[in-house]
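Subject: Structure for you to look at

Dear colleague,

I am passing on the structure we spoke of, and my notes on its strands follow below it. Please read them with the structure open beside you.

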Amino acid sequence: FSIFLQANNTYPLLFMKRKLLFLLLMLSSLAAKAEVKPIGGTFINFFWQDERNNYMNQRNVDQSDPQRWACKIGELHEMGVDILIIVTVANEGRAMYPCSFMEHGYPEGRKSPVDAIMDTADSLGMKVFIGCGWARDQLDDLTDPYVIETNRHFMDELAELYSRRPSFEGWYIPVEGCFIPYLSDYAVQGVNKISAHARELTPGIKVLISPYGLFGADIENPLFEKSICDLDVDIIAYQDEVGCVREQFPMKNMKEHFRQVGEIHKKAGIEFWANIETFTWDREANNWYSTLVPAAFGRVLSQLVGVNRAGVDKVVSFIVYSLFDKPGSPYPAGQRIYANDLYNDYMAWMNGDPRWKMLEEIFSGKDFGTHKVTAGPQALSDGKFGWEDPNDEAWCEFEGGKMECVIDLGSKKDISKVGAHFCDYYREGVIIPQCIEVEVSNDGRHFTKVKTVTYENWPNKYLDCWTDVILADELNARGRYVKVTAISARGRILCSEVVVE
């Protein structure tokens, strides 16, 4: 940087600052692509608002219980979450903090939920963004003067109560903007009005928004970039909308859109965050009468890798709280939604589980090499992995409930693991097999079975298309030929690649 400054010492200071910021963001982006950042933050909502919230904000659970919040925040901290985003502090005239102008949504004499979260975050070194809504409810509109004024009133009280807390990181503006085709002028102006008040109340404190609509955004339009640069915010956490299934097969476009937006953020001077959707639906998507349930971790891992490769500064999620639930928690989220299973899969990946590591490497574009296939399609060892779309040309289809292939390694080699990459899309009868069997041979005729691995299919599969790996590891085998047989009791088998290491 000293060389840069010497070379440009005649340039205006503002120009140099912008160039330095641009360079820092570029370096940050390159560093981000070198590793996959885990989920570092979660949104938290106190209110049951409609059927979508049946497990996140169950009606039969006391969401005002301070002990519950202390426990759940502690569990999130154990997962590596260090950012908490309180979506909203009020709804339908009930506030979850000691509000002077609204009825309280917790019993008199009890510590408020916001206080419980702030106290726990203070003690654990976590950071909290506090939402300054809802003035009325989840349909608040930034064109409504009452909404703007009530948000400011909330902010006045919240700043007085919490802005000096160690955990207070800033403000979340909960009225979502939409990027179809780019943020409207009134959305930008509405955000900036609230942001201006935040900066006046709490100088130096960050302002966060989390808009939606990248799936339909006109990112190449100069007005898209202008709308970003016109925002007076510090952080934009873009919703990836994979859980909302705005497109039938959203993953490929989502990753490209994040890459494009990442390029804009290198110039905008605004932190670039991803808000990945870890949920799926038990019925039709984007319906207030459907319930959000945990998605398969194979899908979530693809989202994580995708936004990291786009260079995001931070990954947060709607939602970790309640959809990733620690087994044995004294405050369970509800066992039948498989929140424990998603937690276990996520923590296994965090701890370096070989299966999830291989799937991460597939999503990251690792070159596993290729081999000759002597039985089955050659495409099973051509280095091309299928997208989350059964129509992708990389998939090889097998009917009749059985897949079989033989790979020639060219000479006798030590074999430690064999993985097969499969697609699951329930709506078109594509099912990941129940097991794979791995056999090894020296001559290609006489095979010895070395391992059978079973696969437990994810139950929440009404809408999603995702991919996964069945991995046979710790084989300690040696041979020239590897036979892989996959068995499924029903549905079509789609496999894009068999990896031998």
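In which sense do S3 and strand S4 (residues 94–95) pair, and over how many bridges? The two strands pair in the antiparallel sense, over two bridges, where pairing requires that DSSP finds at least two bridges between two strands, and where strands are DSSP runs of E with at least two residues, numbered from the N terminus. One of these contacts links Asn-91 to its bridge partner in S4, Arg-94.

Please bear in mind that this is a predicted model, in which local features need pLDDT of at least 70 and side-chain atom pairs count only at pLDDT 80 or more, while totals for chains, interfaces and linings use all residues. Residues are numbered from 1 along each chain as its sequence is written, and side-chain values use heavy atoms, with hydrogens and water left out.

S3 and S4 belong to an open sheet of three strands, ordered S3-S4-S5 and with mixed pairing. Strand S3 (90–91) and strand S5 (103–104) stand at its edges with a single partner strand each, so one side of each lacks a neighbour in the sheet.

Elsewhere, strand S17 (residues 418–425) has eight of its eight residues buried, that is, under 20% relative accessible area with a 1.4 Å probe and protein chains only. Both of its faces are covered, with Phe-422 among the buried residues on one side and Tyr-425 among those on the other. S17 pairs in the antiparallel sense with strand S20 (residues 465–472) over eight bridges, Asp-424 having Trp-466 as its partner there. Five bridges also join S17 to strand S22 (residues 493–500), again antiparallel, and in S22 the bridge partner of Ala-420 is Val-498.

With best wishes

Definitions and conventions:
Buried means under 20% relative accessible area, exposed over 50%, partly exposed in between (1.4 Å probe, protein chains only). Helices (H or I, at least four residues) and strands (E, at least two) are DSSP runs, numbered from the N terminus.
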